[in-house]
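Please consult the sequence and structure shown below.

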Amino acid sequence: MRNRPGDLREMLADRARRDNGARVDTQGGPWGIVGRHEIQEASIQSPQQSFLAGTRAIAPILLGVVPFGLLVGLTSMAAGLGFVQSLASSVLIFAAAAQLAAAELMSRGASLSVVVLTILVINLRFTMYSASLAPHFNTLKLRWRFLFAYLLTDQAYAVSIIHFENRSQGHQKRWFYLGAAAVMWAIYQGSTALGVLVGANVPAAWGLDFAIPLSFLALLGKTIKGRSSLCAAAAAGVVSIVGIGLPHNLGLISAGLVGVLAGVVAEGRRRSCQRT
Amino acid sequence: MSADLKTWVIIIVAGLGTFLLRLSFFALFGNHGVPRALERPLTYIPPAVLAALVAPALVKHQGAALIAAHNPRLLAGCVAALVTWKTGSVLWTLVAGMAGFWIFRAILT
């Protein structure tokens, strides 16, 4: 089904409106929009307001990130990395779980390829976040998407996807994401630096590492909107527990995939029940 | 290869690889948008992924999975879930969850 040239212009205009938070209902063909109808939306927020909204959204979660950053700085040094390398790994790799695993492996003298592969396998989950956020960023120029890819973390992903999917109240998505992700980046780098340069640490006995799953629990609540999403979450939760023994976040990825499958199946079942 | 050089190679290669993983669908879906067949499945990624991040952390107790009434994380998680349900606030969930964790841990150990 080919779209007329007028459709293409409308499609681009709608993408621009959508990127700015407007709701545009569409009926589409396999790859694009055939008909559209715009819904009046609240006035569009300024970049600064959107940025601040993103920062506010991620702020409570950053409390749990600081101890992790400190730990990453410390363990990198303990593994023999040195100041510059420890700081560089947080800037270039920017993934706490992977950095901690890598530090452990390096202190045990693992080979180069094992360390690199381990880091990459642990970070495979970022492809899921990338797929999930991509629809919201596909109007952006490539250089924005490069930047946003670099800044992608579990936390920035979670607060952004929730905000985008619950209708952004006119906040501009790119600024919201930047407000969340850039501040997260800064806090993480600062915490690593503190761990590296000052040897600062929070005693493990305080159990502050529990703060991160707690934050995700709060965000999980906002993503459950009905029976299908509940099925997705439940299935993923079960698989992730079963997969606890699996190394390198493989349990997490399997759980994610199973959860998506469960959600799709649950939705299909509900639809067919409604038809009969 | 000296240890120092090896470390740098690790950092740079892993950094680049991780960046490409993050970029993956931003680039792939960039110009044509998301294929319609994937639109609904993608919406299930948030609940699935967040549940997968939360569940093991609630169940872990000294290195193994413990689904029982004397796991302070599990109990604190239930309290936190209740608070999330009632308030929808990340901050209050954190406060209640951490408080619950410390209290239950003190009582149970």
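## Interface area

About 6600 Å² is buried between chain B and chain A, and carbon and sulfur atoms give 76% of this area; buried area is the accessible area (1.4 Å probe) that two parts lose on being put together, summed over both. In chain B, the residues losing the most area to chain A are B:Arg22, B:Phe26 and B:Tyr44, together 13% of what that side buries. Contact (heavy atoms within 4.5 Å) involves 87 residues from chain A and 70 residues from chain B.

This is a predicted model: local features need pLDDT of at least 70, side-chain atom pairs count only at pLDDT 80 or more, and totals for chains, interfaces and linings use all residues. Residues are numbered from 1 along each chain as its sequence is written, chains are lettered from A and ligands numbered from 1 in the order in which they are written, and side-chain values use heavy atoms, leaving out hydrogens and water.

## Salt bridges

Two salt bridges are found across the interface of chain B and chain A, a salt bridge being a side-chain nitrogen of Lys or Arg within 4 Å of a carboxyl oxygen of Asp or Glu. A:Glu267 and B:Arg40 meet through their side chains in a salt bridge, at 3.1 Å from N to O.

## Helix packing in chain A

Helix 6 (residues 125–137) and helix 8 (residues 154–165) of chain A pack at an angle of about 35°, their axes 10 Å apart. Helices are DSSP runs (H or I, at least four residues), numbered from the N terminus; axes are lines fitted to C-alpha atoms over the stretch in contact, and angles run from 0 to 180 degrees between N-to-C directions. Among the residues that meet are A:Phe126 and A:Tyr129 in helix 6 of chain A, and A:Tyr157 and A:Phe164 in helix 8 of chain A.

Technical notes
Helices (H or I, at least four residues) and strands (E, at least two) are DSSP runs, numbered from the N terminus.
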